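Work through the exercises below with the model open. Try each task before reading its solution.

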Amino acid sequence: MSYITTKNQYITVAGNQIAYRELGKGKSKLPLVMLVHLAATLDNWDPKLLDLLAEKEHVIVLDLPGVGASQGKVAPTIPGMAEQAHAIIKALGHTKINLLGLSMGGFIAQEIVRLDSQMVNRLILAGTGPRGGVEVDKVTGKTFRYMLKAGLERVDPKRYIFYNHDKAGRLEAEKVLGRMGERKAEYADKDMNVPGFLTQLKAIKRWGRDPQEDMAFITQPTLIVNGDKDMQVPTENSYIMHEKIKNSQLIIYPNAGHGSIFQNAEEFSNELIAFLEETNV
């Protein structure tokens, strides 16, 4: 089944109805849980990437409380969001997973490892950075600046947040956003609400201002991925994490930005599947 026609499923966690989607169930021993970026719902995953991954992997994506069709409130801190995600994963019946976090999802993924290292077999950090990382506390200002620029040009803000600002970047953005735009209303999630979005921004700013650390708590094999020109969470953060996380691999895609894993869907899916299959338990 293609991700573009995969509907929401629901599970009740802590009294709230939580939306999630699954692809490729039974394809891998461990599920690959994927946590999405700021202001995003289940509809903001590139369907091409998820379909490619689901050929070999059991993929689970979810809306945290207060996001999309999930009930409840957005947690005011990144560790609080990690606690929510951890509870949802356990409620879905999983005690051991592979975990991918994109941008803000990468912040949350790090905090899940801190909370319950035994749950995470392999970790993938895409377009993200460490706590107190370079310009992480500036994401709020950048987001509003790019939203304004996109509004003036009447294009999706992700055009400028996720892709290079040149002509090649525009073409890459149009490809990915075009794929996402193929989803019909009967398969759609609910939109992100403004109060939840603002709460996420505050949580990111707080996490970005928290003290830096040695990241020694991350001991599992880790794949760090970014484009060579991430303007939202600077690429420098990927090099810093690679240096601090002992058991890590680093992939930097050329001529790509914050959305490198979507822009390079075929190459990244192959790299990720190979990484997960190295010593999959």
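Predicted model: local features only at pLDDT ≥ 70, side-chain atom pairs only at ≥ 80, totals over all residues.

Residues are numbered from 1 along each chain as its sequence is written, and side-chain values use heavy atoms, with hydrogens and water left out.

**Exercise 1. Describe how S1 and S2 pair.**

Step 1. Locate the strands (DSSP runs of E, at least two residues, numbered from the N terminus). S1 spans residues 9–13 and S2 spans residues 16–23.
Step 2. Gln-9 lies opposite Tyr-20 in S2.
Step 3. Inspect the turn. Two residues separate the strands, and Ala-14 has a positive phi near 50 degrees.

**Exercise 2. Find the residues that touch the most other members of the largest nonpolar core.**

Step 1. Apply the definition: buried Ala, Val, Leu, Ile, Met, Phe, Trp, Tyr and Cys residues joined through side-chain atoms within 4.5 Å. Buried means under 20% relative accessible area (1.4 Å probe, protein chains only).
Step 2. Leu-35, Ile-78, Met-81, Leu-99 and Ile-108 touch the most others.
Step 3. Look for another core. A second, separate one has 43 residues, including Leu-50, Ala-126, Ala-150 and Ile-261.

**Exercise 3. Characterise the largest cavity and the largest pocket.**

Step 1. On a 1 Å grid over the protein atoms alone, a 1.4 Å probe fits in a cavity but cannot get out; a pocket is an open set with protein on both sides within 12 Å along at least five of seven lines; lining residues have an atom within 4 Å of a point. Volume is the space filled by probe spheres set on the points, which are joined across faces, edges and corners.
Step 2. Take the cavity. The search finds one of 30 Å³ or more. The largest holds about 100 Å³. Its lining includes Leu-35, His-37, Asp-63 and Ile-108.
Step 3. Of its 21 lining residues, Leu-38, Ala-39, Lys-158, Ile-161 and Phe-197 are closest to the centre.

**Exercise 4. Is Asn-237 buried or exposed?**

Step 1. Read the area. Asn-237 is buried, at 0% relative accessible area.
Step 2. List contacts (heavy atoms within 4.5 Å). Leaving aside neighbours within four places in sequence, Asn-237 contacts Thr-128, Gly-129, Pro-130, Gly-133 and Val-134.

Notes:
Buried < 20%, exposed > 50% of the residue type's maximum accessible area, 1.4 Å probe, protein only. Pairing = 2+ DSSP bridges. Helix = DSSP H or I, 4+ residues; strand = E, 2+ residues; numbered from the N terminus.
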